[in-house]
2 protein chains.
Amino acid sequence: MAATLKDVAKKVGIHPATVSRALNPNTAHLVNAATVIKVRKAAAALNYVPNPMAAGLRTSRSHTIGVVIPDLNNPVFPGMVRGIQDTLSRTGYTPLLVNTDNDPESEAHVIAALSARRVDGFILATARRDHPLLVELSEKFPIVLINRVSESVQLPSVSADDLHGIRLAVEHLYGLGHRSIAHIAGPAWSSSGHERSQAFSKAMRDHDLVPARRPVAVTAWSIESAREAALRLLNDDPTLTAIVAANDQIALGAIAAAKSMKRRCPRDLSVVGYNDMPLMDLVDPPLTTVRVPQHDIGAESARLMLSLLVEEGSTPIKQVRLTPELIIRSSTAPPRSAS
Amino acid sequence: MAATLKDVAKKVGIHPATVSRALNPNTAHLVNAATVIKVRKAAAALNYVPNPMAAGLRTSRSHTIGVVIPDLNNPVFPGMVRGIQDTLSRTGYTPLLVNTDNDPESEAHVIAALSARRVDGFILATARRDHPLLVELSEKFPIVLINRVSESVQLPSVSADDLHGIRLAVEHLYGLGHRSIAHIAGPAWSSSGHERSQAFSKAMRDHDLVPARRPVAVTAWSIESAREAALRLLNDDPTLTAIVAANDQIALGAIAAAKSMKRRCPRDLSVVGYNDMPLMDLVDPPLTTVRVPQHDIGAESARLMLSLLVEEGSTPIKQVRLTPELIIRSSTAPPRSAS
DNA sequence: CCTGTTATCGCAATCGATTGCAATAGGTGG
DNA sequence: CCACCTATTGCAATCGATTGCGATAACAGG
């Protein structure tokens, strides 16, 4: 059905190998400029499109990148995925997207499936603090981590500067007059959760504040889990006036928990989120949050991956940090005692 | 590096062709049961994974499905995409996901790119009422439409039963006492927008109500565009007490418009959305909306595609309609005159 | 005029799996 | 005991693009 190299060659009256070289920018200089023109014209006329399977078989490169995310339904990720898609597709690469639902077993499955597909590399948003699968995978494939970094192994990564982002949140609350500020951390296994938690402690120390006695963490990145954690936290320390949440859904859960305890946000409790995912300007109350450049993170990770693919191995490992930005809305206000 | 058929064959001491047959469920019956066992064991021992490019080259099937959606950032779509992914991956197929940003030109590009990748079929969420590209594409590929149906050409599709869904919305408002109900329709080119608009007119007639004098439609599926349309509508007809929106973002835009005119929802204006995308329970006010089974739509479309792929052409065109459900939250209330 | 380049292109092998066809062996019925 | 059938396996071509190597010709320098 579709035209092949041979068809183009026959039309021009030359050998398929020459056509191949003429059409490939890297080898076009090996063939007479005049015939390159003719080949291009014939290829266009025949509507020739190279067969990626044939090329891939020969070169053992699929021009395909596995993109592994926890869950596409989590609104943080579509932005990053778009960033990846947009920049990968511009260079002839195609992302293969899979979900893990934060389940390590499921992750192993999907990664095996992608390996079977012979992807050229992986972009992973699922790094855990302790991640054995990651180290063995990194020996076989180029890998770029997004949104999270791993402690098990040093790898190229792209993520927001959480130290800075969390500091923005703390300073905002401090500036409003809050002194009793707590953090609801992400799951213990999560690297981003851990990092933001550390960042919170540091920012608090820098303002001579002490975090809540007992640190609180959710068990999953979900609103429901956050609600429970927030309930514990608010019961533990009734003097609390502000919460820095490890991400937006945790903030949402905290607000819901406060509401169920008849504490209104922001009158009785200020809450700052993290990520600024879509619709955070329309929830009740509109969420003050730290915006991380989701699309940019994806785009940058794709660029990093592409550079990994051309340069053979021996480049220094690059860890990119993108600067987040505080978006002030209506979930934060001065504490009541100060008003 | 990776083991090939030949490696397995050598280990067992037989010909690669026999190994191929032994490993393929469709041809395994041609091979002695005992050697099938041996082959399986050897393959497992060598960690053999078939090379999809080699197989694809020979069979000219990539086991890959192009999934074309307008924009992954629109929260309606991730659910459907998950549905597609979940059921496709279970059968060894891989979705290739692309975005069009509702731009026909961009759509042509991404579809060309997917064709170049030799996808086995397309699942499209971008059908327009008038869609020339669709008819020529449908001659070369199996196609399943989701969420929208096209009038240009009869194709297999999976979507919500909009007639029923819109009726639920109208009946809900009618039951609350509303009589002056308007519809904000989707873009004119959109098939789902048109369909819901028709459904609205019918539901209104069935209740002996007349829609607003001048029908209003957005120019894009966006909150911003909806805000403008709603402003026009509310100025046009101040007696209006309720709006049925063609989707959730339009509902959100309508609520915002009302707010800017000092009309509060639901006290002064009731609004019903459509789709029930994520977070609609947390916006202000929590949105009454018609829930369409997003994951199911995706899953069903994938199943339909798979059936298209096995049965050679001559099956009757199947158009699946999934039943939506009304989710009553807080954006609807009895009209003020009735209270 | 001869040798050494350089530019251009053809040849043929190769990637790994699939599959029509042929070949072999063992078995059956007459 | 023979013709024939079936079960099982091997052979080799094939899918389409890539690429190392060799061939040819033109051309320059000596």
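A salt bridge here is a side-chain nitrogen of Lys or Arg within 4 Å of a carboxyl oxygen of Asp or Glu. Keep in mind as you click that this is a predicted model. Across the interface of chain A and chain B, that rule finds 4 salt bridges.

For a first stop, select Arg82(B) and Asp101(A): their side chains meet in one of these salt bridges, at 3.0 Å, N to O.

Now colour the side of chain A that touches chain B. Helix H4 (52-59), helix H5 (76-89) and strand S2 (94-99) of chain A each supply at least two residues to that side. By class, the residues there split into 24 nonpolar, 11 polar and 7 charged.

Zoom out to take in both partners. You'll have 42 residues of chain A in contact with 42 of chain B. The area buried between the two chains is about 3,400 Å², and carbon and sulfur atoms give 61% of that.

To get to its centre, select Thr64(A), Arg117(A), Met53(B), Thr64(B) and Arg117(B), the closest of the 16 lining residues.

What makes up the lining of the largest cavity, by class? It has 6 nonpolar, 7 polar and 3 charged residues. Finish on H4(B), which gives the largest share of that lining, 3 residues.

Definitions and conventions. Residues numbered from 1 in each chain as written. Chains lettered and ligands numbered in written order. Predicted model: local features only at pLDDT ≥ 70, side-chain atom pairs only at ≥ 80, totals over all residues. Heavy atoms only, no water. Contact = heavy atoms within 4.5 Å. Buried area = accessible area lost by both parts, 1.4 Å probe. Helix = DSSP H or I, 4+ residues; strand = E, 2+ residues; numbered from the N terminus. Nonpolar A, V, L, I, M, F, W, Y, C, P; charged D, E, K, R; others polar. 1 Å grid on protein atoms, 1.4 Å probe; cavity = no way out; pocket = protein on both sides within 12 Å on 5 of 7 lines; lining within 4 Å.
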